[in-house]
Amino acid sequence: MITRQLNANNLSHLQVAETILKDGGTVAVPTETVYGLAADASNPEAVAAIFTAKGRPTNHPLIVHIASVDELENWAIDIPEQAYKLAKVFWPGPLTMLLKKASHVSPLVTGGLDTIGVRVPSQPILQQILQSSGLGLAAPSANPYKRLSPTSAKQVFQALDGRINGILDGGECTIGVESTIVDLTNEEITVLRAGPISPSELSSVLSQLVSAPAQHS
């Protein structure tokens, strides 16, 4: 497989990246946290290609990136009011919400679980692709399984050249830490993965305790 190196500052390169994604390919894209390996979350074959490229076990769920909170109901059901309160403050941004998945969502995306992780990224390049394509993009970190998450296109190329269809170079990621994951599927709201947004910040917005386990998954 030839991995195309694309420049996010070039409009035609952006269009190539979008076409690859629409055609079921995989493209490493910048987010505000780390580079993600993106594929059309509604295309099971495209999602499967993420696992193949990363060498990641298929029972590990993927986060779906969407353009805005308006698309949340396309992916999740029984969405609690707390989700919209958090979205108003922290989206777009590095917060992933774990919610109950819609019935049409492929089990490949959710690791066979009945829940789904969703977030609205703030990175302008990724936002442009999401808005233009209308896709929801599954996009775990663009690195081989259990390797350090990349914050530059160069790091992605060194790790995944020949294993993915394209790398969209949008410069260095601004945060460098993966998103906070908060579980909103139970009455007790819990942070499942520590990240840029703390439990205390979430608690302040919700006016209720948000707990964090001693060990983050």
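This is a predicted model: local features need pLDDT of at least 70, side-chain atom pairs count only at pLDDT 80 or more; totals for chains, interfaces and linings use all residues.
Local features need pLDDT of at least 70, side-chain atom pairs count only at pLDDT 80 or more, and totals for chains, interfaces and linings use all residues. Residues are numbered from 1 along each chain as its sequence is written, and side-chain values use heavy atoms, with hydrogens and water left out.

Q: Why is R193 called buried?
A: Buried means under 20% relative accessible area. R193 has 18%, so R193 is buried.

Q: Where does R193 lie, and what does its side chain reach?
A: R193 lies in strand β11, a strand being a DSSP run of E with at least two residues, numbered from the N terminus. Its side chain reaches the backbone oxygen of S179 at 2.9 Å. A polar contact is a pair of N or O atoms within 3.5 Å; within protein, one must be able to donate a hydrogen and the other to accept it, and residues adjacent in sequence count only if both atoms are side-chain atoms.

Q: What makes N9 exposed?
A: Exposed means over 50% relative accessible area, with a 1.4 Å probe and protein chains only. N9 has 73% relative accessibility, so N9 counts as exposed. N9 lies in the loop between β1 (4–7) and α1 (11–22).

Q: How far apart are N9 and G171 in sequence and in space?
A: They are 162 residues apart in sequence and 9.7 Å apart in space, C-alpha to C-alpha.

Key. Helices (H or I, at least four residues) and strands (E, at least two) are DSSP runs, numbered from the N terminus.
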